[in-house]
Amino acid sequence: MRAEPAAQLEATRARRSVRARVIAAIGPTTLLAGVVWGLLQPYRLTFLHPVGEGFWWLAVEPPLIVMLVGVLFAAFVAPGLIEDLEESEER
Amino acid sequence: MQPLAEHVHWMFATGFLILALCLFAEAVVGTEVWRQRRWRAYLWPGALFLMGIFMWPVMIMFTNSTLHMLAHAAWAQVLLLAGGVELALAAGRLRNRYWHLCVALAFVVSGTASLIHEQNSWLFSRSAFLHHAIGWLMITAAVFPFLRTFRPRSIVVATGFAATFLVLAVFLYADRDVAEIFGHLSPVAGSPHR
């Protein structure tokens with residue numbers, strides 16, 4: 001059995017943690033994209049100034065949906081994925 | 001109570017955004033890690049399949065032209081095919097890697113249907129522009145699922161595949177029933193609303 005040089009091991013760990021950081025950043029980045037979109041185009045957010053629109057105008061507000069997708073990814077997909085990634089890296 | 005076409009486009013944009021995030025995450029961690037939890041292996045193929053199911057009510061409700069009905073039916077069929085095949089591959093029911101080519105087929109059929117069913121020119125309205133752009137995007141991006149069949153571990157191909165869905169989501173979110181594109185809006189397109 002051959003020992004991996006310490007510097008190489010350290011570099012591998014650093015590279016791997018970048019992958020975990022990228023996964024952790026996907027949700028917040030998506031959330032931020034939705035926030036920025038809502039600020040740039042507030043007229044896409046019907047709830048801010050409703051003028052008698054029906055159900056679909058209030059239910060489907062793209063910047064809010066983008067934020068929701070980011071939150072759901074960060075809450076339900078990213079934690080388990082990072083856990084599995086770190087486990088596989090330790091093996 | 002029927003949603004406007006733009007609402008439907010935005011809902012499907014959300015589906016494609018979810019696909020994009022999942023596929024990008026899979027590209028970053030690798031397929032082996034992504035599939036360590038069973039439910040995750042089914043996540044994006046399931047989303048694709050579900051979008052195929054939801055495309056049928058769209059086909060039934062939006063009957064303003066035969067071309068639209070045919071295009072929506074074509075999308076429903078190829079989404080179901082691609083989603084179903086990817087689900088079967090994830091479950092191990094299908095083993096031959098060439099089944100992944102169904103996604104490339106879905107891209108080409110979807111792009112062609114988008115181009116054929118848009119009868120107006122690029123600068124007629126934003127919707128017309130986006131239908132042309134989406135059509136060419138899907139046809140050219142079919143190279144990613146095609147290459148993914150033969151190079152499943154390529155991070156460039158996997159990222160390109162994910163990016164395609166992200167761009168598609170952006171295009172669909174940008175869609176409005178009647179709106180100008182680069183300052184152009186045909187006078188016969190109608191009046192823009194909210």
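This is a predicted model: local features need pLDDT of at least 70, side-chain atom pairs count only at pLDDT 80 or more; totals for chains, interfaces and linings use all residues.
Trainee: How is H5(B) oriented to H6(B), roughly parallel or roughly antiparallel?

Mentor: Axes are lines fitted to C-alpha atoms, for helices over the stretch in contact, and angles run from 0 to 180 degrees between N-to-C directions. Helix H5 (residues 66-91) of chain B and H6(B) have axes 9 Å apart, at an angle of about 170°. Angles over 145 degrees count as roughly antiparallel and those under 35 as roughly parallel, so H5(B) and H6(B) are roughly antiparallel.

Trainee: How many helices are there in chain B?

Mentor: Helices (H or I, at least four residues) and strands (E, at least two) are DSSP runs, numbered from the N terminus. Chain B has zero strands, and its helices number nine.

Trainee: Which helices of chain B are included in what covers the buried residues of H7(B)?

Mentor: A residue is buried if 20 or more other C-beta atoms, placed from the backbone, lie within 10 Å of its own. In H7(B) the buried residues include Phe129(B), Leu130(B), Ile134(B) and Met138(B). Their cover includes helix H6 (101-117), helix H8 (143-150) and helix H9 (155-174) of chain B.

Trainee: What radius of gyration does chain B have?

Mentor: The radius is taken over C-alpha atoms, and the globule rule is 2.2 Å times the number of residues to the power 0.38. For 194 residues a compact globule would come near 16 Å, and chain B agrees with that, at 17 Å.

Trainee: Which helix supplies the largest share of the side of chain B that touches chain A?

Mentor: The interface places 18 residues of chain B in contact with 19 residues of chain A. Eleven residues on the side of chain B, the largest share, come from one helix, namely helix H1 (residues 5-29) of chain B.

Note on methods. Residues are numbered from 1 along each chain as its sequence is written. Chains are lettered from A and ligands numbered from 1 in the order in which they are written. Two residues are in contact if their C-beta atoms, placed from the backbone, lie within 7 Å. A residue is buried if 20 or more other C-beta atoms lie within 10 Å of its own, exposed if 12 or fewer, and partly exposed in between; C-beta atoms are placed from the backbone. Angles under 35 degrees count as roughly parallel, over 145 as roughly antiparallel, 65 to 115 as roughly perpendicular and the rest as oblique.
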